[in-house]
Amino acid sequence: MTLLITAVSLIGGFIIGMIVALVRIYRVPFLRGLGAAYVTVIRGTPMLMHLFLIYFGLPVAIDSFCGFVGIHFSSTSIPILYFVFIAFSITAGAYSGEVIRSGILAVDRGQVEAAHSVGMSSVQTFRRIILPQALSVSLLNISSEVIGMLHGSTLAYTVSIREINAQANIVASSNWKFFEAYIAAALLFWGITLLIERVTAFLEKKMNTYNRGGVA
Amino acid sequence: MITIQSLTKSFGKQEVLKSIDLQVQKGEVVVILGPSGSGKTTLLRCLNFLERPDGGKVSIGDLQVNCKKPSKQEIYDLRKKTAMVFQHYNLFKHKTVLENVMEGLVIVQKQSKLKAREKSVQVLEKVGLAEKLNAYPSQLSGGQQQRVGIARALALEPEVILFDEPTSALDPELVGEVLSVIRKIAKEGITMIVVTHEMNFAMDVSNHVIFMDGGVIVEEGTPTEIFRTPKEERTRQFLKRITPELTYDI
């Protein structure tokens, strides 16, 4: 459950973040301001707040909308988990947006000029030249964000989702071994984190070879 | 043939190009000289719209572009007819030497990978880098990187190659290898426009020298005319400062 929540919200967040970063960097009128506002509001409020706002607010909005247009649909038929996905995607989107933006800004202007000089369009330049370099620059930041979301996903227990933390709580309240149960949960988190760090180190070696004189 | 008509460009209030008119014949090697801030690099960059001119007309071959409001397509078309060699090489850092040269052929010209590879290897052999096909730019010396830059431009078979101070960022001992490559391709009859401070190179390779100062073309002519018998006082002063040894030559 923990992994599912983390993965879905990171993917959702990455898509939102990419859009936000692009409209800000390419200065799309209006959307650009909207993106900046989104980033500051979301980063300026806690993740738990996003979860509560979506969990308590969105169903009310959906129900009143359906009532207004006259569709027979009740928000109670939507699994709680979906609200968690939406809330955490919104959270991750703001952070990913900044990570991606910093990666893109780190790419040398000369790379873009060279791509244009051989006749590449803006889209080709972005996909073939800017994005690969931006991603390899932001790899460490992306990894930190993945770990952050992994641990942040424990907040889902507040809306009765049984992720690792909640599971530990349930076990402990039946046998009273709170300390042992939470230690086990903590070890699980640490294990997953270690795995993420390992994968990052491997990718870093692979993706950044070109920067290190070809010596990995 | 390349024709530039009343080309203008300002950065804010600073007028960098004040109505430039210039004609370059096919196969000519044009060298642009001038003190820094005279607009030489800007002129070069306006030709492939890395810098957007404010007004005037640029035509290369059968394509004519009105610089006041060019369409995106016109800019792409213009860039497909030109190639550029940069002062700081600007090789694609995450691609190997071979991939750098192939990129434009495959992505822009839509050649098959096999054909592009063949062409790229052939061009890289010409610049003397056949052994470095799979190296990354960071593994090469400045001179080697710039030769890849030249190969990347050459492989595209453009109507004109624009050189923006191709040797200015190099160690003095590496300048020679790059110049000799440029010399070699100049002999093949490819049209080139070169911004440079290498006077000796300008004298023996070019057949059309332009002297710019303050955003205008002060004087143009054959190398002999410009270097031996400059008409304008400003040209004379500039040459004197840059190549004091020339005064003995005469």
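**View 1. The interface of chain B and chain A.** About 2,200 Å² is buried between chain B and chain A, and carbon and sulfur atoms give 58% of this area. Buried area is the accessible area (1.4 Å probe) that two parts lose on being put together, summed over both. In chain B, the residues that lose the most area to chain A are B:Phe92, B:Lys93 and B:His94, together 26% of what that side buries. The contact (heavy atoms within 4.5 Å) takes 22 residues from chain A and 26 residues from chain B. This is a predicted model, in which local features need pLDDT of at least 70 and side-chain atom pairs count only at pLDDT 80 or more, while totals for chains, interfaces and linings use all residues. Residues are numbered from 1 along each chain as its sequence is written, chains are lettered from A and ligands numbered from 1 in the order in which they are written, and side-chain values use heavy atoms, with hydrogens and water left out.

**View 2. A salt bridge across the interface.** A:Glu113 forms a salt bridge with B:Arg45, and their closest N and O atoms are 2.7 Å apart. A salt bridge is a side-chain nitrogen of Lys or Arg within 4 Å of a carboxyl oxygen of Asp or Glu. Across the interface of chain B and chain A, the rule finds 2 salt bridges.

**View 3. The side of chain B that touches chain A.** On this side, α2 (72–81), β6 (82–85) and α3 (97–108) of chain B each supply at least two residues. Helices (H or I, at least four residues) and strands (E, at least two) are DSSP runs, numbered from the N terminus. With 4 residues, α3(B) gives the most to the side of chain B that touches chain A.

**View 4. A salt bridge within chain A.** A:Glu98 and A:Arg101 form a salt bridge, the closest N and O atoms being 3.2 Å apart. Because A:Glu98 and A:Arg101 are 3 residues apart in helix α4 of chain A, they are separated by about one helical turn. Side chains of opposite charge can pair when their charged atoms come close. Over all chains, the structure holds 15 salt bridges.
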